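Let's take a walk through this fold together. Have the sequence and the model open side by side, and we'll go from the overall picture down to single residues.

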Amino acid sequence: MISFTTALVLFTFILTGIYTGLLLVNNGSIASTTKSNRSVSRLFSVGAFILSSIGVALTLSIDFRETSPYFIITVLVPILAIVSRLFGGYSLDLASIVLWHIMMYFSKIPYIDVSIGEGSGMLREISINDHWDFKWAHNPNYNPIPTIAFIQATLSRIIAVPWYSYVLGTMLFLIWAVAYDLAIYRLTHILTYNKVASLISIILIAITPETSIHQHPYQWSGNMLTLLALTSIIKILKEGVSLREIIILSTILFTGSILSHATGLSLLILSIFL
């Protein structure tokens, strides 16, 4: 298993390469219009997608995490995707990074279809009683209305799986994880108009301990909805979108963020002072 010290050195080299590439792009040292560059971009893009797909498949099917091939794929996929973007880029680049991010958060599928977490008690009560009581809240002091538990209970009823099913929790997590990465990508692109920077933003979120979001659907959804609300506000300032429509959309997104996790409330208060 790779040591923490070795990981620091490894990430230093990786980030140095990333920022050097960005510098070359900004200085115009790499052109992206020639036929040869498009071929290079396609080659690296397909390579990143194949590796990330293999990585996800192996991570879910066997004890693949913390093996040498796992770490090799973890390092190679973002490098290949970024190089592809530097030479023009393809839509597979974004798909590769999203799959890579999912690979980093998943492990082997359990032999039995059971997944129990801190919100399971709430989910059980809702599923059995078909209504909500505030006393069932896992922590009523800061999250008395757990929207995610409502969504899971509803999804459990629709697809006819029990509340404790691993499939139920995994399906919801996958939806939020992909949506979160796309929200990060979209917000960065609106701010920078640079597809390379947009791709790197997902990578940096994933590998930076202080910003990386773990398998906690309440936190994923709250932050994702807040980012979408901020994206809507930025569009007002930069693109002249209808003020009335954006205010309504931002209010709905912020409300959903607050109800899903307290993170949304703290960011809402912060945005007032900004």
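Of the contacts in the protein chain with a separation of 6 or more, 71% are between residues 24 or more positions apart; contact here means heavy atoms within 4.5 Å. Keep in mind that this is a predicted model, where local features need pLDDT of at least 70, side-chain atom pairs count only at pLDDT 80 or more, and totals for chains, interfaces and linings use all residues. Residues are numbered from 1 along each chain as its sequence is written, and side-chain values use heavy atoms, with hydrogens and water left out.

What is the chain built from? It has eleven helices and zero strands, where helices (H or I, at least four residues) and strands (E, at least two) are DSSP runs numbered from the N terminus. Buried residues make up 40% of the 274 residues; buried means under 20% relative accessible area, exposed over 50%, and partly exposed in between, using a 1.4 Å probe and protein chains only.

Now for some packing. Start with helix H3 (residues 68-86) and helix H4 (residues 91-105), whose axes come within 10 Å and cross at roughly 160°. Axes are lines fitted to C-alpha atoms, for helices over the stretch in contact, and angles run from 0 to 180 degrees between N-to-C directions. That crossing makes H3 and H4 roughly antiparallel to each other, given that angles under 35 degrees count as roughly parallel, over 145 as roughly antiparallel, 65 to 115 as roughly perpendicular and the rest as oblique. On the H3 side, the contact residues include Tyr70, Ile73 and Val77, and on the H4 side they include Leu94, Trp100 and Met103. By class, this contact has ten nonpolar, three polar and two charged residues. Ala, Val, Leu, Ile, Met, Phe, Trp, Tyr, Cys and Pro count as nonpolar, Asp, Glu, Lys and Arg as charged, and the others, Gly among them, as polar.

H3 also packs on helix H8 (residues 195-207), with axes that come within 9 Å and cross at roughly 170°. H3 and H8 are therefore roughly antiparallel to each other. Pro78, Ala81, Ile82, Arg85 and Leu86 of H3 touch Lys195, Val196, Leu199, Ile200 and Ile203 of H8. The tally here is eight nonpolar, no polar and two charged residues.

H4 has a partner in helix H7 (residues 166-192): the two pack at an angle of about 130°, with their axes 10 Å apart, so H4 and H7 are oblique to each other. Leu94, Val98, His101, Ile102 and Tyr105 in H4 meet H7 residues including Phe173, Leu182 and Tyr185.

Next, zoom in on threonine 59 in helix H2 (residues 35-61). Is threonine 59 buried or exposed? It counts as buried because its relative accessibility is 1%. Its side chain reaches the backbone oxygen of glycine 55 at 2.6 Å. Leaving aside neighbours within four places in sequence, threonine 59 contacts Phe64, Arg65, Tyr70, Met103, Phe106, Ser107 and Lys108.

Finally, look at two loop residues. Aspartate 130 lies in the loop between helix H5 (120-129) and helix H6 (147-159), and its phi is near 60°, a positive value in a residue other than glycine. Alanine 160, in the loop between H6 and H7, has a positive phi of about 60° although it is not a glycine. Aspartate 130 counts as exposed at 53% relative accessibility, and alanine 160 is exposed with a relative accessible area of 68%.

Key:
Polar contact = N/O pair within 3.5 Å; in protein donor to acceptor, adjacent residues only side chain to side chain.
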